[in-house]
Amino acid sequence: MMKLLVQGDDFGFTRGTTFGGVDCIDFGVLRNTGLFANMPSAKLAVSYMADRPQVCFGIDFNIVTGPSVSDPSSVPDLVDESGEFIRSNVRIHDPRWQSEAGRREMFPLEQVRRELWAQYNRFVELTGKKPGYLHAHSISSEPYEETIHEISAATGIPYSFDVIQKFHIVSAWDKVDPMADKASGKKVFDPTAQLSKNSFSVNVADVSDYLLSHEYAMVLGHPGYVDADLMGRTSLSLERMRDAEMMMSQQFKNWIRDHHVQLITYRDLVEEE
């Protein structure tokens, strides 16, 4: 029996994405989702957590959209004049992004450490518990990765990418061109392409044999409903409703049933260790 980890990122990004995520839990197969603890809708998202024990709620560390949790004056290289994080599409066009030395200059380790720990503490403050897993969001830099590993080591909470490597968890992303823009995270940013995307085909049907040939697999998306706030904050917008459609679709549920797939969480994987 193949074990499948279905993950939806950016819980609490906006009110629309929050409601979409909740519907994917209640009417679909979403079993792992990470909170954007820095966003104004985080409290709304947290209000839905307690009554859904079947879900592993983690944290998605976010330093490319929305306000900082830290005092903006303490993380000046991460935010703009309004105290909002500098967007990823700005970051990747900075010439410094092309080298490790440049990325370390753009994302000073002490500032990244201060902000990520602040987001972790905000999660604990809002929920009264530790996150079930740690996850990276959007573009990645060396200070960012180092800090997530530091938090994982200090708290004992697994970092999703480490778990994926340890259990050899495969996904449709393995079939994407490895030379694709690393800043895009293999996402589609063209609005027309996002609107016409068939998330179930891309993530499941087209790679069904590949997924089923492994003991562990995952389907990862960014499910949510589209609202005006989302459109103003990210270029990854319309695709989210397609990911939500996939996670609630009868097609996906039938595929899981017909292939005797077991839905799992990061919590289940930690217990297997």
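Predicted model: local features only at pLDDT ≥ 70, side-chain atom pairs only at ≥ 80, totals over all residues.
**A look at burial, salt bridges and spaces**

At 3% relative accessibility, E239 falls under the 20% cut-off and so counts as buried. E239 sits in helix α12 (residues 239-248), while K197 sits in the loop between α8 (191-196) and α9 (199-203), so the pair ties together parts that are 42 residues apart in sequence. K197 counts as buried too, with a relative accessibility of 17%.

That pair is one of 15 salt bridges counted in the model. Side chains of opposite charge can pair when their charged atoms come close. Another case is R103 with E142, whose side chains meet in a salt bridge at 2.8 Å, N to O. This pair also links distant parts of the chain, with R103 in helix α4 (residues 100-106) and E142 in helix α6 (residues 142-155), 39 residues apart. R103 has a relative accessibility of 9% and therefore counts as buried. The side chains of R96 and D94 meet in a salt bridge as well, again at 2.8 Å from N to O. Here the arginine, R96, is partly exposed, given its relative accessibility of 29%. Salt bridges also link E84, D229 and R233 into a network.

Next comes strand β5. Six of the six residues of β5 (residues 216-221) are buried, so the strand is largely enclosed by the rest of the structure. In a regular strand the side chains alternate between the two faces of the sheet. For β5, the covered residues are Y216, M218 and L220 on one side, and A217, V219 and G221 on the other. Strand β1 (residues 3-11) runs parallel to β5, and six bridges join the two. Within this pairing, G8 has G221 of β5 as its bridge partner.

Rolling a probe the size of a water molecule over the atoms shows where empty space is left. Two cavities of 30 Å³ or more are counted in the model. The second largest cavity holds about 30 Å³ of space, and its lining is made up of G8, D9, D10, F11, T17, G21, T33 and P223. Two or more residues of that lining come from each of β1 and α1 (15-26), with β1 giving the largest share, four residues. By class, the lining has two nonpolar, four polar and two charged residues.

The largest cavity contains about 40 Å³ of space. Its lining residues are I63, V64, F107, I139, S140, S141 and Y144.

At least two lining residues are supplied by each of β3 (56-61), α5 (109-127) and α14 (266-272). By class, the lining of this pocket splits into 12 nonpolar, three polar and four charged residues.

Terms used: Residues numbered from 1 in each chain as written. Heavy atoms only, no water. Buried < 20%, exposed > 50% of the residue type's maximum accessible area, 1.4 Å probe, protein only. Pairing = 2+ DSSP bridges. Salt bridge = Lys/Arg side-chain N within 4 Å of Asp/Glu carboxyl O. Nonpolar A, V, L, I, M, F, W, Y, C, P; charged D, E, K, R; others polar. 1 Å grid on protein atoms, 1.4 Å probe; cavity = no way out; pocket = protein on both sides within 12 Å on 5 of 7 lines; lining within 4 Å. Points joined across faces, edges and corners; volume = space filled by probe spheres on them.
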